[in-house]
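Hi,

Here is the structure I promised to pass along. Have a look at it first, and then read on for what turned up.

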Amino acid sequence: RSYRSTIAKVAINNSLTSATWTALTNMAPFTNPTYNITVGYLIVPVSGNYYLRGRVTFAANSTGVRAVRFYNVTTGTSYAESTVPTSVSGNAVYVDAWFLQNLTAGAQIQIQAYQNSGGALNVTTDTIFELELIEAS
(Lines give C-alpha, C1' and ligand atoms only; values in the text may rest on other atoms or scores of the structure.)
Protein backbone atom coordinates (compact mmCIF):
# COMPACT_ATOMS: atom_id res chain seq x y z
CA ARG A 1 0.00 0.00 0.00
CA SER A 2 1.03 3.54 -0.70
CA TYR A 3 -0.23 6.51 1.29
CA ARG A 4 0.20 9.98 -0.14
CA SER A 5 -1.97 12.99 0.37
CA THR A 6 -2.25 16.67 -0.26
CA ILE A 7 -4.30 19.32 1.41
CA ALA A 8 -5.29 22.53 -0.30
CA LYS A 9 -6.53 25.46 1.75
CA VAL A 10 -8.49 28.50 0.60
CA ALA A 11 -6.00 31.37 0.63
CA ILE A 12 -8.53 34.20 0.32
CA ASN A 13 -12.31 34.30 0.65
CA ASN A 14 -14.37 33.08 -2.31
CA SER A 15 -17.64 34.89 -3.00
CA LEU A 16 -20.43 32.52 -4.07
CA THR A 17 -23.41 33.54 -6.18
CA SER A 18 -26.74 32.34 -4.78
CA ALA A 19 -28.22 29.10 -6.19
CA THR A 20 -25.12 28.18 -8.25
CA TRP A 21 -22.58 25.36 -7.74
CA THR A 22 -19.20 27.09 -7.68
CA ALA A 23 -15.71 25.60 -7.84
CA LEU A 24 -13.56 26.96 -5.03
CA THR A 25 -10.56 28.82 -6.38
CA ASN A 26 -7.91 30.95 -4.70
CA MET A 27 -6.64 27.73 -3.09
CA ALA A 28 -3.01 26.96 -2.36
CA PRO A 29 -1.27 23.67 -1.58
CA PHE A 30 -0.99 23.33 2.18
CA THR A 31 1.01 20.09 2.10
CA ASN A 32 2.78 18.09 -0.60
CA PRO A 33 3.22 20.74 -3.31
CA THR A 34 3.91 18.02 -5.92
CA TYR A 35 0.14 17.94 -6.43
CA ASN A 36 -0.89 20.72 -8.77
CA ILE A 37 -3.76 23.02 -7.97
CA THR A 38 -4.72 25.21 -10.88
CA VAL A 39 -7.98 26.98 -11.62
CA GLY A 40 -9.69 25.35 -8.64
CA TYR A 41 -8.81 21.67 -9.03
CA LEU A 42 -6.31 19.07 -7.88
CA ILE A 43 -4.78 16.86 -10.56
CA VAL A 44 -4.71 13.15 -9.71
CA PRO A 45 -1.06 12.07 -10.07
CA VAL A 46 -1.50 8.26 -10.07
CA SER A 47 -4.51 6.05 -10.86
CA GLY A 48 -5.96 4.38 -7.78
CA ASN A 49 -8.41 4.54 -4.90
CA TYR A 50 -8.59 7.95 -3.27
CA TYR A 51 -10.17 9.31 -0.15
CA LEU A 52 -11.61 12.77 -0.86
CA ARG A 53 -12.25 15.01 2.15
CA GLY A 54 -13.41 18.56 2.41
CA ARG A 55 -14.66 21.12 4.87
CA VAL A 56 -16.22 24.28 3.55
CA THR A 57 -16.78 27.18 5.93
CA PHE A 58 -19.57 29.56 4.94
CA ALA A 59 -19.88 33.07 6.38
CA ALA A 60 -22.78 33.64 8.76
CA ASN A 61 -26.22 34.00 7.14
CA SER A 62 -29.52 32.53 8.34
CA THR A 63 -31.25 32.05 4.97
CA GLY A 64 -31.23 28.95 2.74
CA VAL A 65 -29.04 25.85 2.70
CA ARG A 66 -25.31 25.22 2.30
CA ALA A 67 -23.80 22.31 0.39
CA VAL A 68 -20.49 20.88 -0.74
CA ARG A 69 -19.56 18.22 -3.30
CA PHE A 70 -16.57 16.87 -5.17
CA TYR A 71 -16.63 17.19 -8.94
CA ASN A 72 -14.55 15.37 -11.55
CA VAL A 73 -14.03 17.97 -14.28
CA THR A 74 -12.61 15.31 -16.61
CA THR A 75 -15.70 13.05 -16.54
CA GLY A 76 -18.40 15.53 -15.46
CA THR A 77 -19.24 13.36 -12.43
CA SER A 78 -20.27 14.64 -8.98
CA TYR A 79 -19.41 12.74 -5.80
CA ALA A 80 -20.61 12.92 -2.18
CA GLU A 81 -22.92 15.90 -1.99
CA SER A 82 -23.48 17.00 1.59
CA THR A 83 -26.19 19.56 2.40
CA VAL A 84 -27.07 21.24 5.69
CA PRO A 85 -29.60 23.88 6.73
CA THR A 86 -28.20 27.21 7.82
CA SER A 87 -27.45 28.14 11.39
CA VAL A 88 -28.71 30.95 13.53
CA SER A 89 -27.68 34.34 12.23
CA GLY A 90 -24.22 35.30 13.39
CA ASN A 91 -22.66 31.82 13.26
CA ALA A 92 -20.53 30.41 10.46
CA VAL A 93 -21.71 27.13 8.89
CA TYR A 94 -19.28 24.24 8.42
CA VAL A 95 -20.13 21.56 5.85
CA ASP A 96 -18.03 18.38 5.71
CA ALA A 97 -17.92 15.81 2.92
CA TRP A 98 -15.86 12.68 2.39
CA PHE A 99 -15.88 9.95 -0.23
CA LEU A 100 -13.82 6.97 -1.42
CA GLN A 101 -13.44 6.86 -5.20
CA ASN A 102 -11.32 5.18 -7.85
CA LEU A 103 -9.72 7.94 -9.92
CA THR A 104 -7.63 7.92 -13.08
CA ALA A 105 -4.27 9.69 -13.37
CA GLY A 106 -4.75 13.15 -14.84
CA ALA A 107 -8.32 13.56 -13.55
CA GLN A 108 -9.11 17.08 -12.40
CA ILE A 109 -10.99 17.06 -9.08
CA GLN A 110 -12.71 20.13 -7.65
CA ILE A 111 -14.40 20.89 -4.39
CA GLN A 112 -17.55 22.87 -5.12
CA ALA A 113 -19.86 24.81 -2.84
CA TYR A 114 -23.49 25.88 -3.07
CA GLN A 115 -25.66 28.31 -1.14
CA ASN A 116 -29.09 29.78 -1.76
CA SER A 117 -29.26 32.72 0.64
CA GLY A 118 -30.59 35.04 -2.06
CA GLY A 119 -27.34 37.02 -2.35
CA ALA A 120 -23.58 36.57 -2.56
CA LEU A 121 -22.01 34.76 0.39
CA ASN A 122 -18.35 34.14 1.25
CA VAL A 123 -16.57 30.86 1.78
CA THR A 124 -13.79 31.64 4.24
CA THR A 125 -10.15 30.67 4.67
CA ASP A 126 -11.08 27.88 7.12
CA THR A 127 -11.97 25.80 4.04
CA ILE A 128 -9.83 22.76 3.16
CA PHE A 129 -9.77 20.08 0.46
CA GLU A 130 -7.79 16.84 0.78
CA LEU A 131 -7.08 14.13 -1.74
CA GLU A 132 -5.39 11.02 -0.30
CA LEU A 133 -4.15 8.06 -2.32
CA ILE A 134 -5.15 4.90 -0.46
CA GLU A 135 -4.01 2.31 -3.01
CA ALA A 136 -2.51 2.71 -6.48
CA SER A 137 -4.07 0.71 -9.33
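Let me start with a question: is Arg53 buried, partly exposed or exposed? Arg53 is partly exposed, since its relative accessible area is 24%. Please keep in mind that this is a predicted model.

**Confidence and overall make-up**

The average pLDDT of the protein chain is 85, and 85% of the residues reach at least 70. Strand β8 (residues 65–72) has the highest confidence, with a mean of 95, while strand β5 (residues 37–38) has the lowest, at 55. You will find 13 strands and zero helices in the protein chain. Of its 137 residues, 41% are buried. Take the contacts between residues at least 6 apart in sequence: 75% of them join residues at least 24 apart. The accessible surface amounts to about 6400 Å², with 51% of that belonging to carbon and sulfur atoms.

**The salt bridges**

The structure contains three salt bridges. As a reminder, side chains of opposite charge can pair when their charged atoms come close.

Arg53 sits in strand β7 (residues 48–58). One of its partners is Glu130, with 3.0 Å between the closest N and O atoms of the salt bridge. Because Arg53 lies in strand β7 and Glu130 in strand β13, this pair ties together parts that are 77 residues apart in sequence. The C-alpha atoms of Arg53 and Glu130 are 5.0 Å from each other. Glu130 is buried, as its relative accessible area is 13%.

Arg53 also forms a salt bridge with Glu132, at 2.5 Å from N to O. Here again strand β7 holds Arg53 and strand β13 holds Glu132, so the pair links parts 79 residues apart in sequence. Glu132 counts as buried, with 16% relative accessibility. Together, Arg53, Glu130 and Glu132 are linked in a network of salt bridges. Setting aside neighbours within four places in sequence, the contacts of Arg53 also include Phe70, Ala97, Trp98, Ile128 and Phe129.

The remaining pair to mention is Asp96 with Arg55, whose closest N and O atoms are 2.8 Å apart. Asp96 is partly exposed at 30% relative accessibility, and Arg55 is partly exposed at 33%.

**The nonpolar core**

Which residues touch the most other members of the largest nonpolar core? They are Leu24, Val56, Phe58, Leu103 and Ile111, out of 27 residues in that core. Strands β1 (4–10), β7, β8, β10 (93–103), β11 (108–115), β12 (121–123) and β13 (128–136) each supply at least two of the core residues. Leaving out residues up to four places away in sequence, Leu24 touches Asn14, Leu16, Gly40, Val56, Ile111, Ala113, Val123 and Thr127.

**One more residue in strand β7**

Thr57 is also placed in strand β7. Thr57 is buried, with a relative accessible area of 1%. Beyond its neighbours within four places in sequence, Thr57 is in contact with Ala92, Val93, Tyr94, Asn122, Val123, Thr124, Asp126 and Thr127.

Key:
Residues are numbered from 1 along each chain as its sequence is written. This is a predicted model: local features need pLDDT of at least 70, side-chain atom pairs count only at pLDDT 80 or more; totals for chains, interfaces and linings use all residues. Side-chain values use heavy atoms; hydrogens and water are left out. pLDDT is the predictor's confidence in each residue, from 0 to 100. Helices (H or I, at least four residues) and strands (E, at least two) are DSSP runs, numbered from the N terminus. Contact means heavy atoms within 4.5 Å. Buried means under 20% relative accessible area, exposed over 50%, partly exposed in between (1.4 Å probe, protein chains only). Accessible areas come from the Shrake-Rupley method with a 1.4 Å probe; for residues, only the protein chains shown count as cover. A nonpolar core is a set of buried Ala, Val, Leu, Ile, Met, Phe, Trp, Tyr and Cys residues joined through side-chain atoms within 4.5 Å. A salt bridge is a side-chain nitrogen of Lys or Arg within 4 Å of a carboxyl oxygen of Asp or Glu.
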